[in-house]
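Me: I have a structure open and would like to learn how to read its features one by one. Can we start with the strands?

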Amino acid sequence: MSDNPPIYRRGHRQANGRGKALQTCRRVTAIVALSVMTVFFVMLGTSAALSFQWITRVQIVPVALSVSGSLIFFWVAVTLLFGRVYCSMVCPTGIVQDISARLPRMSRKMKFRRGYRHHAARNRFRYAWLALTAVALLSGLSLMLALFDPYGTFGRIMTYLLRPLIATGEGATMVTGTIAGIIAAAIALAAIVAVPMKRGRLICNTVCPVGSVLSLLSRHSVYGMDINTDACVNCGLCERVCKAECIDSKGHTVDMSRCVVCFNCTAVCDSGAITYTRRRHRLSIPMLMKVPGARATATMDAPGATDNTEKPRAIDRRRFLATGLILAAAPAVASAARKLDRVKPKEIVQDDTRDTRPVPPPGIASTRSFLTKCVGCGACISVCPAHVLEPSKGEYGAGNPLHPLKNYDDSYCRYNCVKCTEICPTGALEKLTVEEKHLFRTGLATVDTEACIGCGLCAQRCPRHTITMTQKEGRRVASVDLNGCIGCGSCQYICPASPAKAIKVNGLKR
């Protein structure tokens, strides 16, 4: 007997080695991306965090909401070429799910006991859910996107749970969110830890809007997982390690719309039957191949038979790519038009300053635009040095929770600070210079003359000197020049009147 191993066995080791190399590269990339995102949120406001800000600019939802045409085209092209690599290498929530799924399967024995199995795709549900999310967003209700966007979800977990925990451990006190924000972050964390332990990437393939959009492209990707049925020994290992539950080992098929390109299947296959390739395997015995419409064709010779079968039609990849280019170019044109109109001081459109409206951060183009683009990640809240921002509990409406607003009873907006506008990755807050911030109106102060005690502290604190003390019915009360007020809230914060503040700042109608 020859000492040389059989030829197929050498091929096995080579194919399996390539699969493990791809898996290792994917894991290293994912760990780096998750580490950068974590450092960015935990160290917000520092120079180190600013150097990592680029990671938020490549997340798909911020890219889409900020209408960044070049990056939209980049992700469309990447997905059409390689599949859903964003989900396994860049998405922070997806990477956390991978870690959670890995924990109960650390040992080889538990890996098989807790193996996955193929499940049919829930296409009706996930695409109906995606359509509902899009309709709600177009209607001005950002609840669904804010709760299920993977970037926003990870941001809330870091901002409301991890960052305060680290600060407390270091002896500092940092409360960055309301009870509603903390509860939302805790529920999200519990979901992305518990669900993957049993069902892997179920969340990504059902309710995640990013996963649903990318699935429409990835099903036509150039590169994909392919099973060589000549080499497959039907061991089922690939199906057991597929956390997307998209491999049918009996039918030898892979649903690329759900595959997150984790390379677990290629790494575990000892026969080298499943590979990541742009070619699709053909059986060495063509007569065993299933041909669409074969049964109908076989009966065509029967008397009275008619050709009513629909022939399979190949995908015109050039036309598909051309359509993608056109769709990607449209946001770029809109972005260019928007940049021509730089942020300008907003005119007063408040008709009744007695109305109670939430005061948003500076830099919003309009209330609708702000509510639509904001995903409630909490970055602006975390970076605010005055801690005047907090997540809303319904002040913007029941359909728009967790958006930042100002609480002037506990603090006020610093006159020369623009950090929140610099950190926003979605374009909900447009970047302002300090000079523009001095003119940007976020609200208007109004005085309750009956409650005013005439102390004059508000006039002394106002950075724009728009508050003066006047005489009214023999009493000294504060008066606000509405043309100069920008709603910084320093007057409301300093007002000592009790039990209610005599001067309050309300938001504007935009």
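Reply: This is a predicted model. Six bridges join strand 8 (residues 467-472) to strand 9 (residues 475-480), and the two strands run antiparallel.

Me: Which residue of strand 9 stands opposite T468?

Reply: S479 does. As a general idea for reading such a pair, side chains in a regular strand alternate between the two faces of the sheet.

Me: How many residues lie between the strands of this hairpin?

Reply: Two residues lie between strand 8 and strand 9, and in this hairpin E473 takes a positive phi near 55°.

Me: How many helices and strands does the protein chain have?

Reply: There are 23 helices and 10 strands. Of the 510 residues, 49% count as buried. Among contacts between residues at least 6 apart in sequence, 75% join residues at least 24 apart.

Me: Next, the salt bridges. How many does the structure hold?

Reply: Six. A salt bridge is read here as a side-chain nitrogen of Lys or Arg within 4 Å of a carboxyl oxygen of Asp or Glu. One of them pairs R201 with D98, with the closest N and O atoms 2.9 Å apart. R201 sits in the loop between helix 12 (179-199) and helix 13 (209-218), while D98 is in helix 7 (residues 92-102); the two are 103 residues apart, so the pair links distant parts of the chain.

Me: Why does R201 count as buried?

Reply: The cut-off for buried is under 20% relative accessible area. R201 counts as buried because its relative accessibility is 1%. D98, at 10%, counts as buried too.

Me: What distance separates the closest N and O atoms of K243 and D98?

Reply: They are 3.1 Å apart, and K243 forms a salt bridge with D98. K243 lies in the loop between helix 14 (237-241) and strand 2 (247-248) and D98 in helix 7, so this pair ties together parts that are 145 residues apart in sequence. Both K243 and D98 are buried. Salt bridges that share partners join R26, D98, R201 and K243 into one network.

Me: Last, the nonpolar core. How many residues are in the largest one?

Reply: It has 100 residues, and those with the most contacts inside it include F41, Y86 and M225. Helix 1 (residues 7-42) supplies the largest share of this core, seven residues. Apart from this core lies another, of five residues, among them I72, V76, L80 and L217.

Me: Which residues does M225 touch?

Reply: Leaving out residues up to four places away in sequence, M225 touches V254, M256, C259 and I274, among others.

Notes. Residues numbered from 1 in each chain as written. Predicted model: local features only at pLDDT ≥ 70, side-chain atom pairs only at ≥ 80, totals over all residues. Heavy atoms only, no water. Core = buried A, V, L, I, M, F, W, Y, C linked by side-chain atoms within 4.5 Å. Buried < 20%, exposed > 50% of the residue type's maximum accessible area, 1.4 Å probe, protein only. Helix = DSSP H or I, 4+ residues; strand = E, 2+ residues; numbered from the N terminus. Contact = heavy atoms within 4.5 Å. Pairing = 2+ DSSP bridges.
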